[in-house]
Amino acid sequence: MELREGQVAVVTGAASGVGLALARRFAAEGLAVVLGDVEEDALAAAADELMAGGAQVLARTVDVSDPEAVRAFADAAYDTFGAVHVLCNNAGVGSGAEGRMWEHEPNDWKWAFSVNVWGVFHGIQAFVPRMIAGGAPGHVVNTSSGDGGIAPLPTASVYAVTKAAVVTMTESLYAHLRAEDARVGASVLFPGPHMLRTGLWESHRNRPGRYAKQRPRRTPYRTLDQWEAAMKEAGHEVVFTPVEEVAEHVVDGIRADRFWMLPESAHSDRQIRARARSMLDRAAPTYLEGFILDRTDRTDRTDRTDRTDRDLPGPSAPTRAD
């Protein structure tokens, strides 16, 4: 798909991180940008920045877990610009789950699924029929993660499960669009190939009351800076991918109509091969044991939080977040 001035791009989770980088990159191509996010102040700041640079911008606070809110968001986009050509279902959260999977609170799962999975579906349902009906070339980009989208990450199981679901949803979307002979393409994005400095590490700041934790946390949330410091103290190198590189990868992928927006990475390739080999051999997923939860006693494993507070990984553990 060719990107050109006059087209319209919609981005959720657009107030910071990958979402804001995508909005900036689309604006640089001359596209009007529709920004959606739950953080009103950060969203307003992002919109002001883009408009100061000459972009056409529509910004709306939207909770992607609410289908009515997403439909209203789509209505606003079409009422303002008359069309949508690029849709990036990018909003995502960690869950803050602690302990082994059987110890997780149901609300941790409900919240993560409501945003990371239902949010993507709500975006597809609200925008894609109109994009197809418009008849113009279009593209949908759904944000997954190597942590789950490529291979399970047991130390962030809730998040990983949601991101695995996004991959299958996008593969299915691709097939449905082809069956309709639609001029709309689909891609699944794996931001990286390394760690990203994004607000995902502090997702709990936006956790709604209806998904509140039902018992006090055993350990405080860990910030990205604290995690990075702990990694360095443990002797692990931490590499970060600038979010601008992720946005460039997306723009290149849309132009090439590339389904797998997966940056080159020897680590990812090893994970893909190991998982495929396990399945082909009908063998246990022993490839996970390089970064599976440690087997220390219970008093030593109280900080096993999902996604935002991961264990310090072993040498073969992934170093990526989106």
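Visitor: Which residues of α7 are buried?

Guide: In this predicted model, local features need pLDDT of at least 70 and side-chain atom pairs count only at pLDDT 80 or more, while totals for chains, interfaces and linings use all residues. Residues are numbered from 1 along each chain as its sequence is written, and side-chain values use heavy atoms, leaving out hydrogens and water. The buried residues of α7 are S157, V158, Y159, A160, T162, K163, V166, V167, M169, T170, L173 and L177; buried means under 20% relative accessible area, with exposed over 50% and partly exposed in between (1.4 Å probe, protein chains only).

Visitor: Against which elements do the buried residues of α7 pack?

Guide: They pack against α4 (106-116), α5 (118-134), β5 (138-143), α6 (146-149), β6 (184-189) and β7 (260-261). Contact requires heavy atoms within 4.5 Å; the elements are DSSP runs numbered from the N terminus, helices being H or I of at least four residues and strands E of at least two.

Visitor: How do you know that the span of helix α7 agrees with its number of residues?

Guide: The expected span is 1.5 Å times one less than the number of residues. For the 23 residues of α7 (residues 157-179) that gives 33 Å, and the end C-alpha atoms are 33 Å apart, so the two agree. After α7 comes D181, with a positive phi near 55°.

Visitor: Why is β6 called largely enclosed?

Guide: Six of the six residues of β6 are buried, so the rest of the structure largely encloses this strand. V184, A186 and V188 point one way, G185, S187 and L189 the other, and all are buried.

Visitor: What is the handedness of the crossover from β1 to β2?

Guide: The chain passes from β1 through helix α1 (residues 17-28) to β2 in a right-handed β-α-β crossover. The term applies if, with the strands pointing away from the viewer, the path from the first strand over the helix to the second runs clockwise. β2, helix α2 (residues 40-52) and β3 also make a right-handed unit.
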